[in-house]
Amino acid sequence: MESQFGGKVVLIAGGTGGLGRVTALSFLRESATVVVTYRDQREFAALKDQAAEFSSSLEGHRVDATNEDEVGQMVRMILSAHSRLDILVNAIGGYAGGSPLWLTSPEVFDRMLALNLRAGFVLSRAVVPVMLKQGSGSIVNVSSKAALDHAAGAAAYAASKAASLAMTDCLAADLKGTGVRVNSILPSIIDTEANRQAMPDADFSKWPKPEQIANVILFLCGDGAALIHGAAMPVYGQS
Ligand SMILES: NC(=O)c1ccc[n+]([C@@H]2O[C@H](COP(=O)([O-])OP(=O)(O)OC[C@H]3O[C@@H](n4cnc5c(N)ncnc54)[C@H](OP(=O)(O)O)[C@@H]3O)[C@@H](O)[C@H]2O)c1
């Protein structure tokens, strides 16, 4: 049976990262054409290797997703190659924390806003007009549990994720009645290699796997989620 993602063009921003990579592979297995952004050519080459028999359906663009010109050019290239863009997953983000606000540098604050907020703004601005013209599309923005759960030592990160959630909610309101759906997911700690290295003494078995979160992303982008628009879905199980 043909997969619901067969013939669909999926852009995964941050598609060589811990969650983005697994999400890219999941869409590829469902017969989608997948375009990822990357910053390090070696990471894209590694993803191509992992994609194995699906690698011909995988493309990459080296872009800084906070840069409007670079993102605009990438979207134009996707359209000229495929004439459509059905899905955007924004898996770009970064974490900085551990210090109280008054010891957090303005540089860290600006970096959190750039990665966790501006990238999603720039990507959405570039992609939404294409989806509106098509009369269909789905966007999933990867936010964080920290967008709602405001702990000590995370002022810059939590503020940037809360703002990205608010921005996505507003976008959902903007898109009402258009056929373009947008939702956020809220992960807590994910079982990625980077987290294992950062917290070697933690019990990894308790952490949600990127594959489990990718399953939710695919669900939100698929026909089964046609009624879900403007949701902020927790994806941290009972952890
Ligand atoms: N991992 C967790 O425990 C966790 C928890 C809650 C929420 N989240 C959120 O989930 C999402 C994915 O997390 P992750 O663990 O997969 O992070 P990750 O491994 O660091 O992946 C993020 C990706 O975004 C890329 N990127 C960063 N800045 C960019 C820019 N300006 N332009 C283009 N690409 C850029 C990174 O490239 P480089 O590798 O070259 O920097 C990387 O490939 C993020 O939004 C994160 O905040 C993660």
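Author: Ser160 is found in helix α5 (residues 155-174); helices (H or I, at least four residues) and strands (E, at least two) are DSSP runs, numbered from the N terminus. This is a predicted model, where local features need pLDDT of at least 70, side-chain atom pairs count only at pLDDT 80 or more, and totals for chains, interfaces and linings use all residues. Residues are numbered from 1 along each chain as its sequence is written, and side-chain values use heavy atoms, with hydrogens and water left out.

Reader: Is Ser160 buried or exposed?

Author: Buried means under 20% relative accessible area, exposed over 50%, partly exposed in between (1.4 Å probe, protein chains only). Ser160 has a relative accessible area of 0%, so Ser160 is buried.

Reader: Which residues does Ser160 touch?

Author: Contact means heavy atoms within 4.5 Å. Leaving out residues up to four places away in sequence, Ser160 touches Met112, Leu113, Asn116 and Leu117.

Reader: In what order do the 7 strands of the open sheet lie?

Author: Two strands pair if DSSP finds at least two bridges between them. The pairing in this sheet is parallel, and the order is β3-β2-β1-β4-β5-β6-β7.

Reader: Which strands stand at the edges?

Author: A strand at the edge has a single partner strand, so one side is left without a neighbour in the sheet. The strands placed this way are β3 (58-62) and β7 (232-234).

Reader: What is the bridge partner of Val9 in β2?

Author: Strand β1 (residues 9-13) pairs with strand β2 (residues 33-38) in the parallel sense, over 4 bridges. In β2, the partner of Val9 is Thr33.
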